[in-house]
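Please look through the structure below with its sequence alongside.

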Amino acid sequence: MSLALDTLSTSMFLRGLNVLSGLIDRAAESGLDEAVLMEARLAPDMRPFPDQVRMAAFSARSCIARLTGQEWPKTDDSETSLSELKATVALSIAFIEGVEATAFAGGETRRIELRFPGIELNFAGQGYLTSFALPNFYFHLSMAYAILRHAGVALGKRDFLGQLDRV
């Protein structure tokens with residue numbers, strides 16, 4: 001059985017974004033100093049917790065937009081609280097939930113071009129999703145989890161796995 005591009009992408013991103021939202025809730029409930037959490041990182045040269053949340057949320061909504069040929073909602077990346085980070089995640093969830101399955105028509109072969117300082121990456125849509133967007137999303141999601149865990153938020157593997165799709 002094959003999975004349609006819309007089903008694979010939206011289900012994976014929505015599941016992960018809901019996990020991320022739950023992680024932020026757990027951080028807020030932890031009683032730890034929010035200012036400390038907003039600066040928390042695993043290594044000195046690593047981006048802090050808010051950046052991990054922003055990059056996960058951005059990568060999800062921008063991937064869906066690129067696969068469907070749409071613009072994505074922009075943020076100014078200036079969140080200074082857990083509640084503002086949660087709102088950014090909610091923005092991504094709402095955007096993804098609002099994209100119709102028909103918008104993904106032709107997305108598997110849609111040309112996706114990414115430019116970073118010193119590098120340009122070119123993909124067909126399916127390769128972009130499976131070899132770049134999903135791994136990048138889960139990298140930032142797992143870093144957000146690890147940073148919170150390292151900072152003392154009581155989290156376990158179940159918090160990272162989120163809602164399981166069982167029969």
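pLDDT is the predictor's confidence in each residue, on a scale from 0 to 100. It applies here since this is a predicted model. In the protein chain, the lowest confidence is found in helix H6 (residues 157-161), with a mean of 91, and the highest in H4, with 98. The mean pLDDT of the protein chain is 94, and 98% of its residues reach 70 or more. Where pLDDT is low, the predicted coordinates should not be read in detail.

Next comes the loop between helix H3 (49-68) and helix H4 (82-97), where aspartate 76 is placed. Aspartate 77 also lies in the loop between H3 and H4. The relative accessible area of aspartate 76 is 64%; exposed means over 50%, so aspartate 76 counts as exposed. Aspartate 77, at 44%, is partly exposed. The backbone of aspartate 77 has a phi near 55°, which is a positive value in a residue other than glycine. Asp76 and Asp77 belong to a negative surface patch, which is also formed by Asp33, Glu34 and Glu84.

The last stop is helix H5 (residues 125-151), which holds methionine 143. Is methionine 143 buried or exposed? Its relative accessible area is 18%; because buried means under 20%, methionine 143 is classed as buried. In sequence, methionine 143 and aspartate 51 are 92 residues apart. In space, the C-alpha to C-alpha distance between methionine 143 and aspartate 51 is 10.0 Å.

Key:
Residues numbered from 1 in each chain as written. Predicted model: local features only at pLDDT ≥ 70, side-chain atom pairs only at ≥ 80, totals over all residues. Heavy atoms only, no water. Patch = residues over 30% accessible without salt bridge, like charges linked within 9 Å, V, L, I, M, F, W, Y side chains within 5 Å. Areas by Shrake-Rupley, 256 points an atom, 1.4 Å probe, with all protein chains shown as cover. Salt bridge = Lys/Arg side-chain N within 4 Å of Asp/Glu carboxyl O. Lys, Arg positive; Asp, Glu negative; His and termini not counted. Charge placed at Lys NZ, Arg CZ, Asp CG, Glu CD. Helix = DSSP H or I, 4+ residues; strand = E, 2+ residues; numbered from the N terminus. Buried < 20%, exposed > 50% of the residue type's maximum accessible area, 1.4 Å probe, protein only.
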